[in-house]
Amino acid sequence: MSETARLHAFPRSLPDEGTQGIADARLLPDEEFREAWSSIALPTDMKERMLRAAVASIRLRQAVPFDAVPLHGITLLTGTPGVGKTTVARGLADKIARTLGSPTPWLFLEVDPHALASASLGRSQRSVETLFGTVIEEMAMAGPLVVLVDEVETLLTDRAALSMDANPVDVHRAVDAALVGLDRLARRHTEVFVLATSNFPDAIDPALASRADNVIRVPLPDHTARRWILEHTVTAIARAFPGAHALTAAEALDAAAERGEGLDGRRLRKAVAAACAYRPETKGDPNGVTVQDLLGALDHARETA
């Protein structure tokens, strides 16, 4: 049976459009997420190790009592903005579904923690309780599920750092509600895997960090990764604008990777785009970009980083 036929044979409902707190919902596997996984360059074996750890966690939770091995099925990805944490998380969700499979399709839910915040006393706590206790719980009862909580520090802020004068008690209760919801999911639904990302791990409540089975820092790209990112980007541009082909030369990529030290993947890709407009005489035509334009754009990106 083809993948498409399998999905039709075992249909699975998605949350209603506009459900508060849900930014994205889709069935897995997903081609967009697979391409995202392929587009991320990380140190050798890092992606494979993440996948093995996630698969092992799910399999252990299905076979071993929680009290013996207290796995919550939570992986926390930290790192500076632009290193690709969200892209890695989405790609990992796809890889989990492809690796483990299931008679019922895997479902992906992305939580928007900002949508749960409210200035109205009591609203945040109730929104969080509804999200975890009703929406996610119902989806988990229907089959395997990956939940992504992007910028998790927004939802699970360190309560010890909050001021009771500046922050309403509802914020504290919302954190409590989220932790209770995660604990409930961990014990009741062994086919639920939670991915959380954060640019500010020090702002996350320690109770979440203690529940995470794995805390992974996604690093800035090293020389090898920078060269791969640059090659991936300039090759795509040269395919559309043949005049940019000089950027794909090995010597050009080596020099650019060296010049881009300290930049994250997002800034590296944007620097390639900026190079296409680096000199006034190109008039913004990527066909006129040169290697020197690229090196100059990378220098500028480093100076402004």
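In the predicted model, a polar atom of the aspartate 30 side chain lies 3.0 Å from the backbone nitrogen of glutamate 32. Aspartate 30 is located in the loop that connects strand S1 (22–28) with helix H2 (31–39). Its relative accessible area is 14%, and because this value is under the 20% cut-off, aspartate 30 is classed as buried. When residues up to four places away in sequence are left out, aspartate 30 touches Asp94 and Arg98.

Strand S1 pairs with strand S3 in the antiparallel sense, over 6 bridges. Within this pairing, leucine 109 of S3 stands opposite alanine 25. S3 is also joined to strand S4 (residues 145–149) by 5 bridges, and these two strands run parallel. Here glutamate 110 has leucine 148 of S4 as its bridge partner.

Strand S3 (residues 106–111) is largely enclosed by the rest of the structure, since 6 of its 6 residues are buried. In a regular strand, side chains alternate between the two faces of the sheet. In S3, Trp106, Phe108 and Glu110 point one way, whereas Leu107, Leu109 and Val111 point the other way; all are buried.

The largest pocket holds about 440 Å³ of space. Its lining comprises 25 residues, and Gly82, Val83, Gly84, Lys85 and Arg266 lie nearest the centre. Helix H4 (85–100), helix H8 (223–240) and helix H10 (265–275) are the elements that each contribute two or more residues to this lining. By class, the lining residues of the largest pocket divide into 11 nonpolar, 8 polar and 6 charged.

Conventions: Residues numbered from 1 in each chain as written. Predicted model: local features only at pLDDT ≥ 70, side-chain atom pairs only at ≥ 80, totals over all residues. Heavy atoms only, no water. 1 Å grid on protein atoms, 1.4 Å probe; cavity = no way out; pocket = protein on both sides within 12 Å on 5 of 7 lines; lining within 4 Å. Points joined across faces, edges and corners; volume = space filled by probe spheres on them. Helix = DSSP H or I, 4+ residues; strand = E, 2+ residues; numbered from the N terminus. Nonpolar A, V, L, I, M, F, W, Y, C, P; charged D, E, K, R; others polar. Buried < 20%, exposed > 50% of the residue type's maximum accessible area, 1.4 Å probe, protein only. Polar contact = N/O pair within 3.5 Å; in protein donor to acceptor, adjacent residues only side chain to side chain. Contact = heavy atoms within 4.5 Å. Pairing = 2+ DSSP bridges.
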